[in-house]
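Look at the model first.

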Amino acid sequence: MQVLSLLAVHSFTMNMYLFVYDLMQFCGHSWIFTNMIIRFMTFGKDSLADTFYSIGLVMRVCQLLSILEILHILTGIDKSRLLPRFLQITERIIVLFVVINSQEEVQGKYVVCVLFFLWNLLDVVRYTYNMLARMGIYYLPLTWLNFSLCIPLYPLSVLAKAFAICVSLPYFEYFGTYSIKLPFPFAFSIYFPYVLKMYLLVLFTGMCFIIQNLFSERKAHLGTGNIKNKRS
């Protein structure tokens, strides 16, 4: 009995921790999403160019926190599949911190606003669903939205990431950011634009795998039997 009670306490504690984590992410992404909409309604197109400067800090914090999700899966407190989540998180980290954050000229491009809008729209829905699911609450419209919205929006976000990388290439070539040339006798160099071009192949290959996973998750959660079980 004591072992069972300890397991119950541990399970409750982990569930509360995940709920707090989802709540923090929900608050961060909701603030970003609301801020973007209000700024656009107030300033129109002028708000698009300085999206990164107005919300970039909060966005970076949210994306850094998302690395914890990999640890959640590795430790077993989150039952999501590791590889799809790992690919999605690393995609964002690389594009946000390596590509956008390192090149000030890219930060003012419209593609950054589009990318942030897609990310936050997906995350507001996802973390809302996660929070309610931690409490055992399932709303069919929200469940459908969570597992359906990502199917068209995720490929669009990948295209936006790829476009951001392509836009950044001339600046990486001009400034030589992250390019390394070792002196003699090593005679070895890393030309970072080539690395980014190779990463584009990885990005689109990973997209195909993740889309397959999104469809399988949708089928698992929106199947007739699962919907009936969640309603009851």
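## Cavity and helices

The largest cavity is lined by Q25, H29, C62, Q63, S66, R85, Q88, I89, R92, D123, R126 and Y127. A cavity is a set of points on a 1 Å grid over the protein atoms alone where a 1.4 Å probe fits but cannot get out; lining residues have an atom within 4 Å of a point. This is a predicted model: local features need pLDDT of at least 70, side-chain atom pairs count only at pLDDT 80 or more, and totals for chains, interfaces and linings use all residues. Residues are numbered from 1 along each chain as its sequence is written, and side-chain values use heavy atoms, without hydrogens and water.

| Item | Value |
|---|---|
| Cavities of 30 Å³ or more | one |
| Space in the largest cavity | about 50 Å³ |

α1 (2–43), α3, α5 (82–100) and α7 (110–134) each supply at least two lining residues. Helices are DSSP runs (H or I, at least four residues), numbered from the N terminus.

Helix α3 covers residues 51–65. At 1.5 Å a residue, its 15 residues should span 21 Å, and its end C-alpha atoms are 20 Å apart, which agrees. The expected span is 1.5 Å times one less than the number of residues. Among the buried residues of α3 are C62 and Q63; buried means under 20% relative accessible area with a 1.4 Å probe, protein chains only.

H72 sits in helix α4 (residues 68–75). H72 is buried, at 4% relative accessible area.

Conventions. Buried < 20%, exposed > 50% of the residue type's maximum accessible area, 1.4 Å probe, protein only. 1 Å grid on protein atoms, 1.4 Å probe; cavity = no way out; pocket = protein on both sides within 12 Å on 5 of 7 lines; lining within 4 Å. Points joined across faces, edges and corners; volume = space filled by probe spheres on them.
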